[in-house]
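Subject: Handing over the structure

Hello,

Here is the structure I promised to pass on to you. Please open it first, and then read my notes alongside it.

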Amino acid sequence: MNIVVCVKHATDENELQSDESGKPRLNPDARKMSTFDRNAVEAAVRIRDSKGGSITVVSLGDVDCKKTVKEALAMGGDRGVVILSNSHLDALMTSYYLANAIQKIGNPDLILCSEGASDTYVGFLGPMLAEWLNLPFIGYARDIEITEHTVKCEEQLEDRIETVTANLPAVISVVSEINEPRYTTLLQIIQASKKPIEEITLESLKAPDFPYSQVEVVDVRAETVNRKRIIFEGSPEVTAKKLIAALENEGITT
Amino acid sequence: MILACSEKENLVGEIFSAARDLATQLGCEAALVELDDVKPSIKVNGKIIILKANTRLSSNPELATAAITELAKKSGAQIILFGTTRFGRQVAAQTAVRMRLPALSDTRDLKIEQGKLTGTRMVYGGKFAARISAPLPCIATVQSGSYQNDTDTSSSVETIAVNVPTARTTHLETEHTSKASANLSSAQIIVSVGRGFKTKEDLAMAEELAKIMEGMVGCSRPLASDLGWLSEDQHIGLTGIHVHPNLYVAVGISGQLQHTAGIRNSKIIVAINNDKQAPIFQIADYGIIGDLYQVIPELTKLLTSNNQSSAGKQ
């Protein structure tokens with residue numbers, strides 16, 4: 001079973017602060033593997049461990065995304081591929097290049113990703129990859145069951161769970177409930193540094209036949225938090241009474 | 001032509017109203033696209049196109065993609081809008097690839113600016129809002145809660161037969177998990193529960209409080225997804241539903257970005273938590289630091305007696 005898992009070196013939203021004008025103070029060093037990608041890597045490792053084969057970790061971004069690839073290798077990936085790009089690419093373009101790189105890598109049986117990146121949460125990558133590669137797509141999987149040539153998943157949708165099956169190869173996006181990602185040990189991190197990471201450039205991949213990255217980020221501003229932050233402490237009787245009085249003052253009638 | 005499509009009945013009105021706004025700006029027509037049949041409650045002030053095939057298009061996002069792509073090409077659609085649901089996101093993404101069109105994800109306040117479709121979306125766990133744009137033609141998924149429902153009778157209904165290839169995935173079974181009686185994204189009062197509840201049975205307290213407040217019950221991700229105590233369509237947050245009630249009461253919810261991303265547009269936020277340091281208090285208008293197991297019954301008791309006494313006065 002040859003597995004490709006896609007990971008993003010994402011901005012750590014918990015660390016991100018804004019400057020005086022409300023713009024984010026983006027710090028290239030305050031990035032980490034996109035939270036939900038850990039679940040995709042974990043899923044890949046578990047499948048590889050039970051079915052055999054190998055895991056290729058693929059990431060697109062600047063040279064720092066190797067840090068995230070290394071982490072995925074420490075979690076159990078076998079080798080890494082980094083597609084180097086310093087410019088902002090939209091989902092269509094990112095998925096296009098990732099799909100091209102995946103084709104170049106060989107013919108994987110399974111391509112895994114998360115439902116969306118923890119920093120931007122666009123959520124288009126999985127279905128777009130499947131479309132570029134002309135493969136079946138199963139989204140929001142909370143369970144993956146592999147038999148010889150097929151895969152069966154439970155898709156977790158808003159109001160239902162759908163059991164879906166497809167022939168391999170297939171593209172699957174996972175939800176974070178699928179597993180509990182492992183923590184890496186120092187030894188695993190050291191061992192991971194010996195695993196190969198191949199660098200490829202955008203130029204070495206087939207040029208797209210459609211206009212370059214058309215989704216533009218016009219502006220990014222901090223969401224203003226304008227809350228009263230009035231705190232009641234004390235006995236339940238007193239605090240409950242105060243809260244109800246405050247809500248009545250706000251004109252909220254229950 | 002602007003096309004709007006959602007498989008989810010309660011999003012259709014909003015999406016169509018977004019489509020109609022844009023059509024007015026562009027001076028073109030907007031049409032609601034329905035898959036298979038018109039859903040019974042649908043009321044839109046405009047044209048409806050029903051796409052029909054020899055298989056149920058709404059049963060598989062891949063089939064919906066094939067059908068909508070065919071219609072979009074034929075009709076020369078300038079903008080195609082979808083609902084922000086897991087189904088809608090897949091159809092939007094795959095239609096974008098098939099048509100080589102740029103796609104905006106989870107946007108609100110859509111406008112045509114300098115000839116481009118421009119919208120706002122939440123980024124970095126809801127701490128920031130990004131204004132993004134794409135030239136026409138393009139695709140966007142629309143965040144619910146950002147438009148008024150369109151409610152009128154449609155001007156015309158047209159049925160178009162489409163041919164779709166066999167899907168690459170097979171749906172074996174559907175298990176309906178929804179426990180929510182209505183749509184949380186349009187609720188005016190929400191009592192939302194989190195990890196502070198020790199057992200599923202204890203949620204009855206919150207349900208009772210919600211009932212007396214004439215509100216609905218929502219939850220943070222772990223309660224729906226990990227524990228399965230509530231259904232996924234009650235899960236409020238970055239990866240779940242975004243809500244905008246008059247009153248949001250977060251009970252036993254610590255307030256991680258993952259959750260607060262979905263509640264920022266609430267008018268009043270109340271937090272009840274025994275942990276003074278819980279981040280939820282930072283974005284709350286009113287907070288009670290206390291044990292929810294004591295505070296909730298007390299609130300319910302007081303509100304019940306208030307209701308009774310005001311009923312007595314009448």
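One term to begin with: two strands pair if DSSP finds at least two bridges between them. Helices and strands here are DSSP runs, helices being H or I of at least four residues and strands E of at least two, numbered from the N terminus.

Before the findings, a word on conventions. This is a predicted model, in which local features need pLDDT of at least 70 and side-chain atom pairs count only at pLDDT 80 or more, while totals for chains, interfaces and linings use all residues. Residues are numbered from 1 along each chain as its sequence is written, and chains are lettered from A and ligands numbered from 1 in the order in which they are written.

Let me start with chain B as a whole. Chain B has 7 helices and 15 strands. Its radius of gyration (taken over C-alpha atoms) is 21 Å, close to the 20 Å that the globule rule (2.2 Å times the number of residues to the power 0.38) gives for 314 residues, so chain B is as compact as a globular protein of that length. Along the principal axes, the C-alpha atoms of chain B fill a box of roughly 60 × 45 × 45 Å. Of the 314 residues of chain B, 56% count as buried, meaning that 20 or more other C-beta atoms, placed from the backbone, lie within 10 Å of a residue's own.

Now to the sheet. Ten strands form an open sheet with mixed pairing, in the order β12(A)-β7(B)-β6(B)-β5(B)-β8(B)-β4(B)-β1(B)-β2(B)-β3(B)-β9(B). At the edges stand β12 (216-222) of chain A and β9 (156-161) of chain B, each with a single partner strand, so one side of each has no neighbour in the sheet. From one strand to the next, the twist averages 30°.

How do the two chains meet? Contact here means that the C-beta atoms of two residues, placed from the backbone, lie within 7 Å. By that rule, 73 residues of chain B are in contact with 68 residues of chain A. Helix α3 (residues 86-99) of chain B gives the largest share of chain B's side, 9 residues. Strands also link the chains: β13 (residues 230-233) of chain A runs parallel to β15 (residues 286-289) of chain B, joined by 4 bridges, with I231(A) opposite G287(B).

Last, the nonpolar cores, which are sets of buried Ala, Val, Leu, Ile, Met, Phe, Trp, Tyr and Cys residues joined through C-beta atoms within 7 Å. In the largest, of 125 residues, V5(A), L112(A), I172(A), A4(B) and A103(B) touch the most other members. Apart from it lies another core of 46 residues, including V193(B) and L292(B).

Best wishes

Notes. A residue is buried if 20 or more other C-beta atoms lie within 10 Å of its own, exposed if 12 or fewer, and partly exposed in between; C-beta atoms are placed from the backbone. Axes are lines fitted to C-alpha atoms, for helices over the stretch in contact, and angles run from 0 to 180 degrees between N-to-C directions.
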